[in-house]
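Work through the exercises below with the sequence and the coordinates at hand. Each task is followed by a solution in steps.

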Amino acid sequence: MNQNKVERDALKEFLDRKVIESDHPSFIPTDPVSIPHLFKNKSDREIAGFFASIFAWGHRTTIISKTRLLMQLMDMAPHDFICNHGKEDLKKLLSFKHRTFNATDLLYFVSFLHHHYSSGESLSTAFTRYMKPSDRDITNALNGFYKYFFSLEDVPYRTRKHIATPEKKATCKRLNMFLRWMVRRNSAVDFGIWRTIHPSQLICPIDIHVGRVAKKFGLLQRKQTDWQAAVELTEALRMMNPKDPVAYDFALFSLGANERF
């Protein structure tokens with residue numbers, strides 16, 4: 001038997017085991033995905049998940065506490081707040097800050113979400129309007145979402161840094177994570193509530209830790225951690241699981257979080 005095939009099969013078996021270990025309810029409490037899990041309503045989960053993913057840099061405990069605080073400022077009813085807030089309600093948000101994300105950014109995010117939900121029931125259409133069902137991946141969806149998100153008047157220049165786009169060669173890690181939460185099905189962690197994007201079209205979230213593990217396994221050759229690296233890694237993962245390549249995010253993230261690996 002071909003030695004390379006033996007090694008690939010062994011790697012797949014190892015990573016599949018890690019996915020089973022990590023894609024488990026025990027993963028939820030210490031991860032930002034715990035915030036959308038606080039809600040049952042689809043739109044609440046979308047909004048909570050969107051903010052949790054956007055805030056997802058730094059320590060996970062801080063990300064969780066800050067996103068929970070924002071949900072509390074929205075009276076633990078984010079969709080209702082987004083759609084029906086008044087000027088007095090917005091004043092509660094003026095003191096909010098998470099790292100470089102401040103009240104200016106938050107007010108624009110709220111304005112965009114209000115605009116979108118005024119004419120749509122789901123945030124999914126903010127992505128799917130820019131992609132075809134036949135698209136191999138979500139590149140067009142993410143590029144289109146960036147343009148749509150910043151299509152309102154008087155966009156604060158500083159706010160643009162909080163939404164990534166493949167056109168600028170960004171990894172789009174946080175949006176890829178958000179889409180994983182919304183799209184992946186048959187998961188103990190992810191919701192699978194968006195059916196207009198297929199799990200096979202997702203791109204694996206990547207940062208320097210996931211990239212390090214991927215290179216160790218020979219799944220990634222590219223030196224830069226950028227959009228092309230995310231695509232390259234996902235293509236390698238598709239070889240092991242064409243229908244759900246991003247399932248391996250659980251394995252790579254868990255291994256990457258252990259600096260001894």
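The model is predicted.

**Exercise 1.** State how F145 and F149 are placed in helix α8, and explain how far apart they are along the helix.

*Solution.* Start with the helix: α8 covers residues 139-149. F145 and F149 are four residues apart within α8, so about one helical turn separates them. Next, take the rings: F145 and F149 form a tilted aromatic pair, with 5.6 Å from centre to centre and 45° between the planes. The tilted class follows because planes under 30 degrees apart count as stacked and those over 60 as edge-to-face. Last, check burial: F145 has a relative accessible area of 0% and is buried, and F149 is buried with a relative accessible area of 0%.

**Exercise 2.** Describe how helix α6 packs against α8, and decide whether the two are roughly parallel or roughly perpendicular.

*Solution.* Helix α6 spans residues 103-117. The angle between α6 and α8 is about 105°, and their axes lie 11 Å apart. Angles of 65 to 115 degrees count as roughly perpendicular, so α6 is roughly perpendicular to α8. Then list the contact residues: α6 contributes Y108, F109, F112, H115 and H116, while α8 contributes F145, Y148 and F149.

**Exercise 3.** Find how many aromatic pairs the structure holds, and work out which parts the pair of F127 and F178 ties together.

*Solution.* The structure holds 27 aromatic pairs. In one of them, F127 and F178 are tilted, at 6.3 Å centre to centre and 45° between the planes. F127 belongs to helix α7 (residues 125-128) and F178 to helix α9 (residues 173-183), so the pair links parts that are 51 residues apart in sequence. F127 is buried at a relative accessible area of 0%, and F178 is likewise buried, at 0% relative accessibility.

**Exercise 4.** Which residues touch the most other members of the largest nonpolar core?

*Solution.* The core has 86 residues. Those touching the most other members are F50, F51, L123, F127, I163, W194 and L219. Now follow L219: leaving out residues up to four places away in sequence, L219 touches L11, L15, A214, E232, L233, A236, L237, M240 and L252.

**Exercise 5.** Which rings do K66 and R180 lie over?

*Solution.* For K66, the charged end sits over the ring of F96, 5.9 Å from the ring centre. For R180, the ring is that of F250, with 4.3 Å to the ring centre.

Technical notes. Residues are numbered from 1 along each chain as its sequence is written. This is a predicted model: local features need pLDDT of at least 70, side-chain atom pairs count only at pLDDT 80 or more; totals for chains, interfaces and linings use all residues. Side-chain values use heavy atoms; hydrogens and water are left out. A nonpolar core is a set of buried Ala, Val, Leu, Ile, Met, Phe, Trp, Tyr and Cys residues joined through side-chain atoms within 4.5 Å. Buried means under 20% relative accessible area, exposed over 50%, partly exposed in between (1.4 Å probe, protein chains only). Contact means heavy atoms within 4.5 Å. Rings of Phe, Tyr and Trp (its six-membered ring) pair if their centres lie within 6.5 Å; planes under 30 degrees apart count as stacked, over 60 as edge-to-face and the rest as tilted. A charge sits over a ring if NZ of Lys or CZ of Arg is within 6 Å of the ring centre and within 35 degrees of the ring normal. Axes are lines fitted to C-alpha atoms, for helices over the stretch in contact, and angles run from 0 to 180 degrees between N-to-C directions. Angles under 35 degrees count as roughly parallel, over 145 as roughly antiparallel, 65 to 115 as roughly perpendicular and the rest as oblique.
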